[in-house]
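These are my notebook entries on one structure. I set down what I looked up, entry by entry.

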Amino acid sequence: MVTSSLAQTPLHDWHAAHGGRMVDFAGWSMPVQYSSIVAEHTATRTAAGLFDVSHMGRLQFTGTGVAQFLDSLVTRRITEMEIGQVRYALVTNEQGGILDDVLVYRLKHPSKGEYHLMVVNASNREKIVDWIQHWLDERKPDVRFTDITHDTAMIAVQGPLAAKLIEPRVPFDPTAMKYYHAISAEQGYGCISRTGYTGEDGFEVIAPANEALKIWESLLDSSSQLGVMAAGLGARDTLRLEAAMPLYGHELNEQTNPLEAGLGFAVNLEGRRFPGSAALATVQREKPRRARIGLELTSKRVPREHYGIYAGDQPIGEITSGTFSPTLQKPIAMGYVPPQFAQSGTELTVDIRGSREPAHVVKLPFYKRP
Amino acid sequence: MKPQELLYAKTHEWAAVQAGPQGAKIATVGVSAFAVEALTDLVYMQLPRVGRKVKAGESFGEIESVKAVSDLYSPVDGEIVEVNTALPNKLETLNSDPYGAGWLVKIKLSDETALKNLLDYAAYQKLCTEESH
């Protein structure tokens with residue numbers, strides 16, 4: 001059987017027992033949905049959704065040279081991060097192409113002291129581990145580096161009720177926690193962060209693998225009457241698309257640079273050197289070749305990845321992700337076009353399997369929480 | 001229509017073949033409950049016009065869910081003689097009554113050989129069991 005070669009998260013049996021439709025995602029057997037993508041999506045927007053994101057790579061760094069080392073590899077300054085801070089950054093190759101988009105955490109464990117975490121995309125984990133190992137071998141800093149993905153689980157609690165769900169389970173007030181901040185847990189090298197990938201308020205919990213089921217069930221059991229649902233990768237995708245968050249392998253890849261992807265905020269070139277910094281400085285000086293845009297359609301036909309974007313008869317770009325937005329009740333998509341077509345209101349068309357459907361450029365994100 | 005009495009394509013369309021006027025055979029065509037359940041979150045459907053000629057295995061329309069778009073394949077050779085035009089505006093009918101009000105098209109058979117390739121209920125059930133594992 002194919003599934004036997006797939007990696008499983010500590011919650012795999014729970015998913016299978018609760019109707020999770022399991023698919024191969026980056027070598028992991030993951031639930032794409034339990035009941036319906038729309039139901040899980042709506043639960044996340046109106047109450048909360050629980051996501052098993054244990055397939056994402058978790059890399060742990062300790063040692064005195066960690067901050068300087070990570071600073072020399074990613075697009076943002078790591079050395080100036082405070083304890084408890086989380087930063088979105090990009091790992092780029094020498095050409096400025098995106099190897100991955102990552103979260104870097106600076107944490108302090110109550111008894112074991114300081115450490116850094118890097119959370120990477122499941123599909124890029126091996127590549128990033130090799131990349132880090134290459135630079136460790138070359139630079140030989142005082143850094144101990146461990147891939148803790150299989151020893152830990154990661155659960156995302158997302159939605160307006162997220163803080164309420166977390167509150168009884170932590171010894172601090174989660175509502176006082178700042179966005180993109182994290183607190184190290186006493187147990188193991190776990191932590192709770194106020195981060196997520198849905199456009200909602202929310203928390204992500206990293207915990208030892210053997211505690212995952214207990215945490216998951218306690219979050220879900222006590223809250224089923226509030227409309228909280230377990231949600232799969234399908235809803236995760238529609239939610240992040242409404243929030244216009246780029247997804248690696250779609251909006252981002254090694255041929256994409258952070259500036260055309262609209263991620264200029266995550267690139268700091270001032271007085272810094274990292275792989276790709278020289279190439280990105282050139283991109284910054286010259287005019288960008290293309291821009292990431294959002295499109296809304298009036299028809300019900302949904303633009304999908306690789307469909308062509310047209311201005312009149314001229315092909316100008318391609319869709320990178322598209323879906324029917326459960327919140328807006330219309331098809332939405334992201335894609336790349338030359339900058340002159342990127343202003344909101346620009347009328348374009350998308351080739352949906354041979355017919356040109358009218359679309360117009362809208363400001364991103366498509367959805368912002370009220 | 002009873003699902004036990006229908007014929008099925010491996011692509012999850014069903015067909016009910018009945019005698020029509022002037023000795024012609026008419027196949028009513030729909031999609032199985034298994035397929036509707038697998039698609040979930042339907043948002044759009046495109047059906048053909050009356051008069052279009054189709055071959056078995058040829059796409060005559062499409063059905064779109066939040067997740068993906070799928071072709072609808074004709075299980076038989078023939079000509080579209082009737083289309084359930086109300087259905088695209090009431091896609092929930094596919095969930096509630098896939099073998100009745102959720103029918104898609106009626107096709108006047110030009111040739112009956114394609115019928116031999118269709119599965120009976122038991123064989124189709126077996127296929128669904130295999131696909132859901």
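How many residues of chain B are in contact with chain A? I find 14 residues of chain B in contact with 16 residues of chain A, contact meaning heavy atoms within 4.5 Å.

Conventions. I am working with a predicted model, in which local features need pLDDT of at least 70, side-chain atom pairs count only at pLDDT 80 or more, and totals for chains, interfaces and linings use all residues. Residues are numbered from 1 along each chain as its sequence is written, chains are lettered from A and ligands numbered from 1 in the order in which they are written, and side-chain values use heavy atoms, with hydrogens and water left out.

Interface. I looked up the area that chain B and chain A bury between them: about 1200 Å², 48% of it on carbon and sulfur atoms. Buried area is the accessible area (1.4 Å probe) that two parts lose on being put together, summed over both. I then noted 17 residue pairs in polar contact between the two chains, both residues at pLDDT 80 or more. A polar contact is a pair of N or O atoms within 3.5 Å; within protein, one must be able to donate a hydrogen and the other to accept it, and residues adjacent in sequence count only if both atoms are side-chain atoms. On the side of chain B that touches chain A, α1 (33-39), β4 (42-46) and β6 (59-65) each give two or more residues. Helices (H or I, at least four residues) and strands (E, at least two) are DSSP runs, numbered from the N terminus.

Salt bridges. The rule (a side-chain nitrogen of Lys or Arg within 4 Å of a carboxyl oxygen of Asp or Glu) finds five across the interface of chain B and chain A. I recorded one between Glu62(B) and Arg353(A), at 2.6 Å, N to O. Over all chains the count is 24.

Backbone. I found a cis peptide bond joining Leu364(A) and Pro365(A), with omega about 0°; Pro365(A) is in the segment after β19 (355-362) of chain A. Ala26(A), a residue other than glycine, has a positive phi near 50°, and I place Ala26(A) in the loop between β1 (21-25) and β2 (28-33) of chain A.
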